[in-house]
Amino acid sequence: MKRSVVCLTILLTGAVLLVSLLLSAHLHDQRHLAGWQDKRDLVSVLAITDLSLSSEARYTRHVTQADLFSAFQDFPASFEHFPTGSMIPPRPAGYSGRVLFESSQQVRP
Amino acid sequence: MILNVKLLEYSLSSLWRRKEKNIALIIVYALVIATLGSVLLLTHALKTEAVTTLTAAPEIVVQRTQGGRHELIPVTYAETIAGFPGVGKVTPRVWGYYYDSLIKANLTLVGVEGYHEQLELLEGRFPQAADECVIGAGVAEAFGPQIGDLLVLEDSSKRRSEFRVTGIFRAASNLLTNDLVVLQEAALRDFFAMPAELATDLTVQVYNPREVSTIAKKIAYFLPDSRPITREELLHTYDSLFNWRSGMMLAVFISALMAFLILAWDRATGISAEEKREIGILKALGWETSHVLGAKLREALLISLTAFIVGLLLAWLHVFVLGAPLLMPLLKGWSVLFPTFDLTRVVDLYQLAVLGCVTIIPYLACTLIPAWKAASSDPDDVMRG
């Protein structure tokens, strides 16, 4: 058999396999809308705010709920302790504080 | 010209002459694409899971901060917040952590109040008495209990507390419930010795989604020591956390991309003497520069497409069939309770197109540029080296 036929057959088979996997994923997602709803019901009842991924530290277990002092959690400028802390950085939400310095020369109105 | 069968035969023969080198090249190229593809598939699946399920999370969670850290919140704050127009129910939540020093597992203890309808993802039933509990599949797997068994924990004063397991969350909800132990709120309050006038945080129901940010600002204004976290911020957090351009997987992505660039650089700078001689002979036989470039383009495309398809199939197998065992340690760290994933098979075609662009196009360029240099030189010079 010609090399070109073998080569094109292999490439085409791979491409068809890949496309069918992508299509099956799409169809599977469409068929299982109820599954998403079941998960949302669970989230609603338990008021879940985070994925139960890494449970080693509270700032990686509850990414959205943790405060900012992550590493060693007890003093500022401390070193990162948990491995996942370098993969899941702190995401400060809901903080509105500002740091402001004013010059001593500035005349207050 | 590219699809001409005879020319394709010629390109395949040319590749076959250096089969060891080209097979090794396809293997390395496919592994790089498999690594990049695994990162993209995993992060997209996790992101989809988070942003699809957490749309049912509370509209606002209000914490109290003191000294920059999370503190228990007075339940009276709930009355203040409930008085704002547009606010529905404000519910104090009681939850916290429990560390098992033997197997070094962290459990998340959550309190629920009142009666709840049966959930599809729960085998058994919700706790209906103070001495009952529901556990996540990860807890059940780590400690081995079954429905009807007793869960024994030591409370804050080291007293033995017993809870009958009335349900276990199904594995399909592992990403949400893996390390959970759900108790009745009063029982958990008693367990943590938390006073009735305090709670861990508050959840706020807002009737109109457009008013959520305004109400969050109001909460922060009227209760200055509070930290309101809106659902929008929560979804944005997960969206950016599992974004392939930033966050957790960037290190892996960059490493794989660097490996690919080294591979491409090697191709760009090192056209072999044999290849140069071949180009010289073709030119001497009357091939034009464009014909030589066409042949080289075909060779590069055959290698790239083979590696791309094989790489993506490997990535699919790695992430969706095997559960991404090579990437999971990055997320697991020292966690003892870590969910076994049944990831939803979702794929972002845009990301796959980007992956194709960042791997195939540079490789084609790196193959064509040295070939063009050789092809545009005098055939005699090229053949003599």
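Biologist: Which residues of H10(B) meet which residues of H11(B)?

Modeller: Glu275(B), Glu278(B), Ile279(B), Leu282(B) and Lys283(B) of H10(B) meet Thr289(B), Val292(B) and Lys296(B) of H11(B), where contact means heavy atoms within 4.5 Å. They comprise three nonpolar, one polar and four charged residues (nonpolar: Ala, Val, Leu, Ile, Met, Phe, Trp, Tyr, Cys and Pro; charged: Asp, Glu, Lys and Arg; polar: the others, Gly among them). This is a predicted model, with local features needing pLDDT of at least 70 and side-chain atom pairs pLDDT 80 or more, while totals for chains, interfaces and linings use all residues. Residues are numbered from 1 along each chain as its sequence is written, chains are lettered from A and ligands numbered from 1 as written, and side-chain values use heavy atoms, without hydrogens and water.

Biologist: Why is H10(B) called oblique to H11(B)?

Modeller: Their axes come within 10 Å and cross at roughly 140° (lines fitted to C-alpha atoms over the stretch in contact, with angles from 0 to 180 degrees between N-to-C directions). Under 35 degrees is roughly parallel, over 145 roughly antiparallel, 65 to 115 roughly perpendicular, and the rest oblique. So H10(B) is oblique to H11(B).

Biologist: And what makes Ser226(B) count as buried?

Modeller: Its relative accessibility is 7%, and buried means under 20% (exposed is over 50%, partly exposed in between; 1.4 Å probe, protein chains only). Therefore Ser226(B) counts as buried.

Biologist: What does Ser226(B) touch?

Modeller: Leaving aside residues up to four places away in sequence, Ser226(B) touches Val62(B), Gln63(B), Arg64(B), Ile219(B) and Ala220(B).

Technical notes. Helix = DSSP H or I, 4+ residues; strand = E, 2+ residues; numbered from the N terminus.
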